[in-house]
Amino acid sequence: MHELSVVQSVIDIIKKELEQHPPCTVKTVTLQCGSLSGVVVDSLNFAWEALSPNTFLENSKLEVNIVALKVACAECKFEFEPKNQYTMNCPECDTSFGHTILNGKELNIENIEVDEIE
Ligand SMILES: [Zn+2]
């Protein structure tokens, strides 16, 4: 499952990040996932529940923000959000391929919410 390796690398990144900070517990991790990134939110949550127990992420919550696909038309440069990745006809000139993808490939950690330990 692709999502397991995504979550594993997210955990590795957060772990490195937190080494630079005072001791804290992680409350919420927010990921930004483009609709073209190929990850399934349910599977991400499942992977999170499988991998986070008994780590520093125990009891933390995963939140996923989906970024809609947005493209710029190859012909007229009109920017629009196709309904899906298979039908991308430009509403202005009906060109259906060769568009530039502006949003939708993201797979980032958007935010890490922590509680500092006194
Ligand atoms: Zn167009």
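Two strands pair if DSSP finds at least two bridges between them. The model shown in these views is predicted.

**View 1. Strands E3 and E5 pair in the antiparallel sense.**

**View 2. Thr100 lies in strand E5.**
Strand E5 consists of residues 100-103, and Thr100 is part of it. Is Thr100 buried or exposed? Thr100 counts as exposed because 11 C-beta neighbours lie inside 10 Å, and a residue is exposed if that count is 12 or fewer. When residues up to four places away in sequence are left out, Thr100 touches Val71 and Ala72. Thr100 and Lys70 are 30 residues apart in sequence, while their C-alpha atoms are 8.7 Å apart in space.

**View 3. Lys77 and Asp94 each have a positive phi.**
Most residues other than glycine have a negative phi. Lys77 is not a glycine, yet its phi is positive, at about 70 degrees. Lys77 sits in the loop between E3 and E4. With 12 C-beta neighbours inside 10 Å, Lys77 counts as exposed. Asp94 is not a glycine either, and its phi is positive at about 70 degrees. The loop that holds Asp94 runs between E4 and E5. Asp94 is exposed, because 10 other C-beta atoms lie within 10 Å.

**View 4. Strands E2, E1 and E6 form an open sheet.**
This sheet has 3 strands in the order E2-E1-E6, and its pairing is mixed. Which strands stand at the edges? E2 and E6 do, each with a single partner strand, so one side of each is left without a neighbour in the sheet. On average, neighbouring strands of this sheet are turned by 20 degrees against each other, direction ignored.

**View 5. Strand E1 pairs with E6 in the antiparallel sense and with E2 in the parallel sense.**
Strand E1 (residues 24-34) and strand E6 (residues 107-116) are joined over 9 bridges. In E6, Leu107 is the bridge partner of Cys33. E1 and strand E2 (residues 61-67) pair over 7 bridges. Two of the bridge partners in E2 can be named here: Leu62 is the partner of Val29, and Lys61 is the partner of Thr28. In a regular strand the side chains alternate between the two faces of the sheet.

**View 6. Helix H2 is part of a right-handed β-α-β unit.**
The unit is made by E1, helix H2 (residues 41-51) and E2. Which residues of H2 are buried? They are Leu44, Ala47 and Trp48. These residues cover an arc of only 105 degrees around the axis, which puts them on the same side of H2. Asp42 and Glu49, on the other side of H2, are exposed. The buried residues of H2 pack against H1 and E2.

**View 7. Helix H1 spans about what its residue count predicts.**
Helix H1 runs over residues 2-18. At 1.5 Å a residue, its 17 residues should span 24 Å, and the end C-alpha atoms are 25 Å apart, which agrees.

**View 8. Helix H1 has buried residues and, on the other side, exposed ones.**
Val6, Val7 and Val10 are the buried residues of H1. They cover an arc of only 95 degrees around the axis, which puts them on the same side of H1. On the other side of H1, the exposed residues are Ser5, Ser9, Asp12 and Lys16. What covers the buried residues of H1? The cover includes E1, H2 and E6.

Technical notes. Residues are numbered from 1 along each chain as its sequence is written. This is a predicted model: local features need pLDDT of at least 70, side-chain atom pairs count only at pLDDT 80 or more; totals for chains, interfaces and linings use all residues. Helices (H or I, at least four residues) and strands (E, at least two) are DSSP runs, numbered from the N terminus. A crossover is right-handed if, with the strands pointing away from the viewer, the path from the first strand over the helix to the second runs clockwise. The expected span of a helix is 1.5 Å times one less than its number of residues. A residue is buried if 20 or more other C-beta atoms lie within 10 Å of its own, exposed if 12 or fewer, and partly exposed in between; C-beta atoms are placed from the backbone. The arc is that of the directions from the helix axis to the C-beta atoms. Two residues are in contact if their C-beta atoms, placed from the backbone, lie within 7 Å. Axes are lines fitted to C-alpha atoms, for helices over the stretch in contact, and angles run from 0 to 180 degrees between N-to-C directions.
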